[in-house]
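I opened the notebook to record what I looked up in this structure.

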Amino acid sequence: FINDQDGRFEQWQIVDSQTGWQGKLVREFAVASQPEGCTVDESQQRLFLGEENHALWTLGAEPNTSTNMEMISKVGDVLTADIEGMEIYVGKNKNWLVVSSQGNDSYVVFEAQAPYKAVGEFRVGINPSISIDGASETDGLTVSSVNFGERFPDGLLVVQDGRNFMPEENQNYKLVSWRDISQALNF
């Protein structure tokens, strides 16, 4: 899935052939304004996509499904514009959708299954004792449920930090234990 500032989304199928890798356009659809991040829950075959200043949407991810979108949350409910990056955390019993709510420097977690309930929001805060500032202006993020060892046994959320103050440098990335997130949000 790729998108453009004019609202268009394109879905491409990557094909391995005798002559090498090729892309084939299989579906097009659009939102009314600027799109941002998108992600697919492969187990449910659901595409989740953000319309920056308007809403979080979902629709079927298979190319032969309808392009009618279902609104999960509009800006002003639990999300603050701009809606930015998003990713699926594949849990043992349930999948979770994590969305960057850039306007208030927070992250909102939704159930990745209908009715797509918001289960909570959190911020990545400052820890001055080890000279780590909080995360802000997050454009992109990723999450994994893989055990990354003692510090990240239930997986890891990585968020892009648009403003880095400790030390004052270009953007960087913050690593957050999924266990800390699930404990903070009680799921």
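I sorted the lining of the second largest pocket by class and got six nonpolar, four polar and three charged residues. This is a predicted model, and I worked from it throughout. The second largest pocket holds about 250 Å³ of space. I noted that 13 residues line this pocket, and that Tyr89, Gly91, Lys92, Trp96 and Trp178 are the closest to its centre. Strand S8 (83–90) and helix H1 (178–184) are the elements that give two or more residues to that lining.

I then turned to the largest pocket, which has a volume of about 310 Å³. Its lining has 14 residues, and I listed Ile130, Ile132, Arg151, Leu175 and Val176 as the closest to the centre. Strand S16 (residues 172–177) gives the largest share of the lining, five residues. By class, I wrote down seven nonpolar, three polar and four charged residues for the largest pocket.

Next I checked the backbone. Most peptide bonds are trans, and most residues other than glycine have a negative phi. I found a cis bond between Ala81 and Asp82, with omega about 15°. Asp82 sits in the loop between strand S7 (70–74) and S8. Another cis bond joins Ala114 and Pro115, with omega about 10°. I placed Pro115 in the loop between strand S10 (106–111) and strand S11 (118–122).

For phi, I noted a positive value near 55° at Gln45, in the loop between strand S4 (35–41) and strand S5 (46–51). Gln45 counts as partly exposed because its relative accessibility is 30%. Asn186 also has a positive phi, near 60°, and lies in the segment after H1.

Methods
Residues are numbered from 1 along each chain as its sequence is written. This is a predicted model: local features need pLDDT of at least 70, side-chain atom pairs count only at pLDDT 80 or more; totals for chains, interfaces and linings use all residues. Side-chain values use heavy atoms; hydrogens and water are left out. On a 1 Å grid over the protein atoms alone, a cavity is a set of points where a 1.4 Å probe fits but cannot get out, and a pocket is an open set with protein on both sides within 12 Å along at least five of seven lines; lining residues have an atom within 4 Å of a point. Grid points are joined across faces, edges and corners, and a volume is the space filled by probe spheres set on the points. Helices (H or I, at least four residues) and strands (E, at least two) are DSSP runs, numbered from the N terminus. Ala, Val, Leu, Ile, Met, Phe, Trp, Tyr, Cys and Pro count as nonpolar, Asp, Glu, Lys and Arg as charged, and the others, Gly among them, as polar. Buried means under 20% relative accessible area, exposed over 50%, partly exposed in between (1.4 Å probe, protein chains only).
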